[in-house]
Amino acid sequence: MEGHRSEERLSAAEIGTELGERATLVQFSTAFCQPCRATRRVLADVAAMVDGVEHCEIDAEARLELVRSLRIDATPTVFVLDADGRVVRRASGLPRKADVIAALGAAISPSHSQRTA
């Protein structure tokens, strides 16, 4: 998963659900996307493994304005948000579980909280 340097944030209102206490995995999908289904399983598994992490899936076709503002070109696209909604990582395509876990580690690590506080 790629690092993300900007101060880009997503709010609970934008994603349509509350942010996770520690982190949020946001997935942009489309209805007939096969990799999106596999991505949903990977992200749900990881979110279930880590307390305070939420997973939400957004229908890209229904949220075109948000998709355009985030410069999403393909589905699935995944954003890893820290507890404050800051985009810590983003990636397109089917992620590997190990990469998602590593990205979550970056989002919830104490050093990340101190850097961005």
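## Aromatic pair

The structure holds one aromatic pair (ring centres of Phe, Tyr or Trp, the last by its six-membered ring, within 6.5 Å; planes under 30 degrees apart are stacked, over 60 edge-to-face, the rest tilted). The ring centres of Phe28 and Phe79 are 5.7 Å apart with planes at 75°, so this pair is edge-to-face. It links distant parts of the chain, with Phe28 in strand β2 (residues 23–29) and Phe79 in strand β4 (residues 77–82), 51 residues apart. Phe28 and Phe79 are both buried (under 20% relative accessible area; exposed is over 50%, partly exposed in between; 1.4 Å probe, protein chains only).

The model is predicted: local features need pLDDT of at least 70 and side-chain atom pairs pLDDT 80 or more, while totals for chains, interfaces and linings use all residues. Residues are numbered from 1 along each chain as its sequence is written, and side-chain values use heavy atoms, without hydrogens and water.

Helices (H or I, at least four residues) and strands (E, at least two) are DSSP runs, numbered from the N terminus. Seven of the seven residues of β2 are buried, so the strand is largely enclosed by the rest of the structure.

β2 pairs (at least two DSSP bridges) in the parallel sense with strand β3 (residues 53–59) over seven bridges; Val26 has Cys56 as its bridge partner in β3. β2 and β4 run antiparallel and are joined by six bridges, with Phe28 opposite Thr77.

## Ile108

Ile108 lies in helix α4 (residues 97–108) and, at 23% relative accessibility, counts as partly exposed. Its C-alpha atom is separated by 9.8 Å from that of Glu21, 87 residues apart along the chain.
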